[in-house]
Amino acid sequence: MRFDELEEREQLALTGLVRLMVRMDGQFSPGEVDAVAALAREVGAGGFWATMARAQTIEMDELGKQVEQVRPAVREWMYGVLVGLAAVDGIEESESELLTWLMDIWEMHAD
């Protein structure tokens with residue numbers, strides 16, 4: 001999926017969640033740096049980095065509102081991106097909690 005295919009609220013949700021995910025375990029590891037850079041290249045770096053900068057100022061309750069509005073067709077893709085990012089250096093408990101929260105918000109069910 002390309003970044004410009006996402007609605008503005010989805011772009012903000014993705015970048016906000018990426019920022020949150022890489023900070024959940026208290027460190028931004030070299031593997032996570034590489035994974036975020038690869039994600040930016042994959043989805044379209046210009047828009048991704050500009051929105052990432054905007055996401056720095058978003059409050060948690062506002063991020064939650066953006067996350068709730070992600071279209072069902074985008075949720076699974078976005079969840080997969082976040083799982084991949086978390087798995088780079090092993091999924092910590094805090095990262096797992098974020099992923100569980102997303103599954104609840106998006107009403108995704110583990111198969």
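These legends describe close-up views of a predicted model. Residues are numbered from 1 along each chain as its sequence is written, and side-chain values use heavy atoms, without hydrogens and water. Local features need pLDDT of at least 70 and side-chain atom pairs pLDDT 80 or more, while totals for chains, interfaces and linings use all residues.

**View 1. Helix H1 spans residues 8-23.** Helices are DSSP runs of H or I, at least four residues, numbered from the N terminus. The expected span is 1.5 Å times one less than the number of residues.

**View 2. H1 is largely enclosed by the rest of the structure.** Twelve of its 16 residues are buried (under 20% relative accessible area, 1.4 Å probe, protein chains only). Among them are Glu-10, Leu-14, Gly-16 and Arg-19. The cover includes helices H2 (30-43), H3 (45-55), H4 (60-68), H5 (72-87) and H6 (93-105).

**View 3. Leu-14 and the largest nonpolar core.** Such a core is a set of buried Ala, Val, Leu, Ile, Met, Phe, Trp, Tyr and Cys residues joined through side-chain atoms within 4.5 Å. This one has 33 residues; Leu-14, Trp-77 and Trp-106 are among those touching the most other members. H5 gives the largest share, eight residues. Beyond neighbours within four places in sequence, Leu-14 is in contact (heavy atoms within 4.5 Å) with Phe-3, Leu-6, Trp-77, Met-78 and Val-81.

**View 4. Glu-32 lies in helix H2.** Glu-32 has 0% relative accessibility, so it counts as buried. Residues touching Glu-32 include Val-22, Asp-25, Leu-85 and Glu-95, not counting residues up to four places away in sequence.

Technical notes. Helix = DSSP H or I, 4+ residues; strand = E, 2+ residues; numbered from the N terminus. Buried < 20%, exposed > 50% of the residue type's maximum accessible area, 1.4 Å probe, protein only.
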